[in-house]
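This report covers cavities, salt bridges and aromatic contacts. The sequence and model are shown first.

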Amino acid sequence: MHKISLKDWVILLTIVPTTLIAFSIASYFSYSRYDELNNFLTQRSQSIIEPLAIASTLPMLNKDRVQLRNLMNFTHRSQSSIIKSIAVFTKDNQVFVTSSYHGDANLLRLKAGQVIPDGTIFSKTGDDFIFHSPIVNETLINDATRSLSQDNIGYIAMQVDSSKIRLKQQDQMIFSFLIVLFGTAFSAFFSYRLIKNFTRPIGAMVQAVDRIREGKLESRVTGQLIGELNFLKNGVNAMAQSLGDYQEEMQGSIDQATTDLRESLEQFEIQNVELDIAKRKAQEANKVKSEFLANMSHELRTPLNGVIGFTRQVLKTPLTITQRDYLQTIERSSANLLAIINDILDFSKLDAGKMVIENIPFSMREAVEDTLTLLAPTSHKKNIELSLRVNPQLPDALIGDAMRIKQVLINLTSNAMKFTDKGSVDIDVDSERIENNIAILKVTIKDTGIGMSNEQQKTIFDAFGQADKSVTRLYGGTGLGLVISQRLVNEMNGNMGFSTEQGQGSTFWFTFRCEVNPISLGNIFDNHELSGKSVLYFEPHTHSRIATSEILTDWDLDVHPAQNLAQVNDLLSEKSHFDFALISHDITPTALVELKELIATLSTNVTQIHLAINSNSPNLQEALIASGAKSCLSKPITPERLNKVLLPQNHLLGNTTSTTEENKIPIKILAVDDNEANLKLINELLLEQVNEVTTVLNGQEAVNICKNEKFSMIFMDIQMPIMDGISALKSIKAMTFNDNTPIIAVTAHALKEEKDKLLKLGFDSYMTKPIDEAMLRHCIYEYCDLTQPPHVTTIKNNSLNRTHLHKNINETKKSTIEPAHNNNKVIDWPLALKRAGNKEELAKEMLKGLVQSLPETKLNISEALTSQDVEQLKILIHKLNGACCYSGVPSLGRVVHQIETELKSDVTIDDLEPEFFEFFEHIDNVINQAPEIFNHSTKNKH
């Protein structure tokens, strides 16, 4: 925006106001004079025509034209300066007489239809005015009242010239303009003088200040000025002098500061060297700490594994009751010590930021129920009620890290049971928000234990600490459980909190974020046979009663709950027959007698009686069943257990639904993997879901077969000999007619950065080993074009050069995620079966293949470590990781997975020395325990 200068301001404040004022005054007086002249002309004309109209009355009555003309002529001559013409008109608008100097009579005549006015009127025509005045005859009507009668007998018209008035008005306007012009010129003269005496010196001062601002401190304002301007000049010059002095002083200070800074930098350099030395020492100390943890873990777990293993072997031999009790105590103590060691290692991983949260499909209800099944014996032993309520509206198929969710739930529930001597531990699972296929779930664990004081609450999430020292002595533990749980919840984008009251119990809750799996895991019970049937449900505990009632109601059963025996009797009196009775009872010294009496009472009114007790004692359960009960459940009651006892016919062995050729998806899939065991497993898993599977051993074979055949989907391993998965992907997209076929990357391990890289390279998605049916089904339904025509069901295995027809295979059982505690097992045979799709021979073959390859693998990895060959080490570890994913060796798989993660993050071999100690230990454990697993599975088979 343009800035107005001082010169402009002077002009604006002198010339412009003066001009405006002069113009306003001149305009006012000109208008006043103009109006005054017009009024003068009008009044003079009226003073002529109105007396003339009065004088014309008698001649008009007498029709004396001569007298009237003489009167008009006299008036015209005497006022000839303004009058142009005078005419007298009769009542009927006819000319009666005119002056000798008459003009146009028609111009003076009233318009047709215009009435003679009662008074004088005028109109303007050009530069002339036309005045009309009536000639009135007044007659006395009544002498007493002096009333007059007025009668218009004609009118006088007079044309008046206004040109002289106009000239006077113009003269007035010219004079006013001259006055405005003079005032403006006068104001301009004084403005010039003001600009010369004030604005120019000020401009010179501004220029001097600009030069000073640019650093030219020798600049000064010169000349003799007047008044305040001279003071201002002296002030500017003094300021310039002061700035010069300050600059010299500042330059001296800068020189001194520069000298001091050089000295400080030298000191900083010395301190940096010292800090670098301290950093190296700290890194060395951290490395020593890591090695210490790994070595201590190795040194502690090696004898512990021996203690646990031989204790279990001795327990298989004939023992006295006292000996068996002692050995079981040793086994439990060893397992507790092993759990403490694992807690410390988990805490170290979280502290170092090395904990990886997986995203794999899982069943939410199954994960929670597995956790409670694991913890149930503890609640039975303490005789406390453990109950679970899951909102029936929650989605069951989720994608997340089920193992970590269960680890947090186990920690919080174990703590609740640990600090509760009587009462109950209630677990509620609900949702905070579900939108856009993202679920925020909330798990609440409420107990009736000892609670905490305000001081104890402040340190509850501190590492290696509990409420106070007395608690540690009384209840035991490392104090890491809550810390690990809180950090795991944070890793899952959730929160953790609690509320407590000393002596009244505590309520802990945590939230976590999961994706909603659009593909059902197929674990919905078929309960249509129960629809409409009645059940009498006796449960003293409110939370358990509500939770189980919701399950039964959701199955469309007619539920009649009762809190006490009096309510049971009332229900029996109201309704004579029930299809089922579900009776819950706490274990007390008189429990067996009370339950037998209740069974006898109900047997006449109920078809089937089912019991639920806080015990897993087989002897007690058999005694109760012998008393007339149909079945006896161990609490907590889960939907799966309840369904098995209410509909046992749906769970009989061999009653599973087989997967027929018609139920399979009619598509053809290509699987590529260099590990024959992995290839065989993925082949078996895929054949349970699709018609045709082709398998090849490397990327080059995949490219060759893609040139001749069209596939609906391709599962591609990444690291393979001859041609890796990425090169194969590019060749298939560029050189074959499978360019639009979805290709899924399959790898034993993938960091987040590597997964993003795979997607950018062109893979449609990725799967992390181990692969199970749920993950395969998820990928097939999400990425596969199911509109492709069906193919003949064949298996093409280029590595074995054979083709054969696929036979019907039983449908795979629903996918589950192994409990957190299974990660500590050397060989987990149920997990191996699950990874092999519940095919025992396939699981045994894959485990045997892994065990036979371990000595050679151990030797090759040792040589790579000795030669510091990182690339060869990555290849060997990746291949072993893939093999471990399907062989049921969770401990070895976990440490191999961790080592591969660190290697891909460019961690040096020296920094991974503790992990490799643990790695070789796990290899020896697997080799040593494998014969026992093989012998045990063979005996079970026979």
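A residue counts as buried when its relative accessible area is under 20%, as exposed when that area is over 50%, and as partly exposed in between. The model described here is predicted.

A search of the whole structure finds 16 salt bridges. In one of them, the side chains of D128 and K84 meet with an N to O distance of 3.1 Å. This pair links distant parts of the chain, with D128 in strand β4 (residues 128-142) and K84 in strand β1 (residues 83-90), 44 residues apart. D128 has a relative accessible area of 9% and is therefore buried, whereas K84, at 38% relative accessibility, counts as partly exposed.

R389 also forms a salt bridge, with E550, and the closest N and O atoms are 3.1 Å apart. Because R389 lies in strand β7 and E550 in helix α13, the pair ties together parts that are 161 residues apart in sequence. R389 is buried at 18% relative accessibility, and E550 is partly exposed with a relative accessible area of 22%.

E36 and R33 form a salt bridge in which the closest N and O atoms are 3.3 Å apart. The two residues are 3 residues apart in helix α1 (residues 6-55), so about one helical turn separates them. E36 is partly exposed at 45% relative accessibility; R33 is partly exposed too, with a relative accessible area of 31%.

## The second largest cavity

The structure holds 5 cavities of 30 Å³ or more. The second largest cavity has a volume of about 60 Å³.

The largest share, 4 residues, comes from β7. By residue class, the lining divides into 6 nonpolar, 3 polar and 3 charged residues. Strand β7 and helix α13 are also the elements that hold R389 and E550, respectively.

## Aromatic pairs and charges over rings

The structure holds 9 aromatic pairs. One of them, formed by F182 and F186, is stacked, at 6.2 Å centre to centre and with 25° between the planes. F182 and F186 are 4 residues apart in helix α5 (residues 163-213), so they are separated by about one helical turn. How exposed is F182? F182 has a relative accessible area of 59% and is exposed, while F186, with a relative accessible area of 46%, is partly exposed.

F122, F129 and F131 form one aromatic cluster. F129 also has a charged neighbour: K124 lies over the face of its ring, at 5.6 Å from the ring centre. In another such contact, the charged end of K668 sits over the ring of F711, 5.1 Å from the centre of that ring.

Definitions and conventions: Residues numbered from 1 in each chain as written. Predicted model: local features only at pLDDT ≥ 70, side-chain atom pairs only at ≥ 80, totals over all residues. Heavy atoms only, no water. 1 Å grid on protein atoms, 1.4 Å probe; cavity = no way out; pocket = protein on both sides within 12 Å on 5 of 7 lines; lining within 4 Å. Points joined across faces, edges and corners; volume = space filled by probe spheres on them. Nonpolar A, V, L, I, M, F, W, Y, C, P; charged D, E, K, R; others polar. Phe/Tyr/Trp six-rings, centres within 6.5 Å; stacked < 30°, edge-to-face > 60°. Buried < 20%, exposed > 50% of the residue type's maximum accessible area, 1.4 Å probe, protein only. Lys NZ or Arg CZ within 6 Å of the ring centre and 35° of its normal. Salt bridge = Lys/Arg side-chain N within 4 Å of Asp/Glu carboxyl O.
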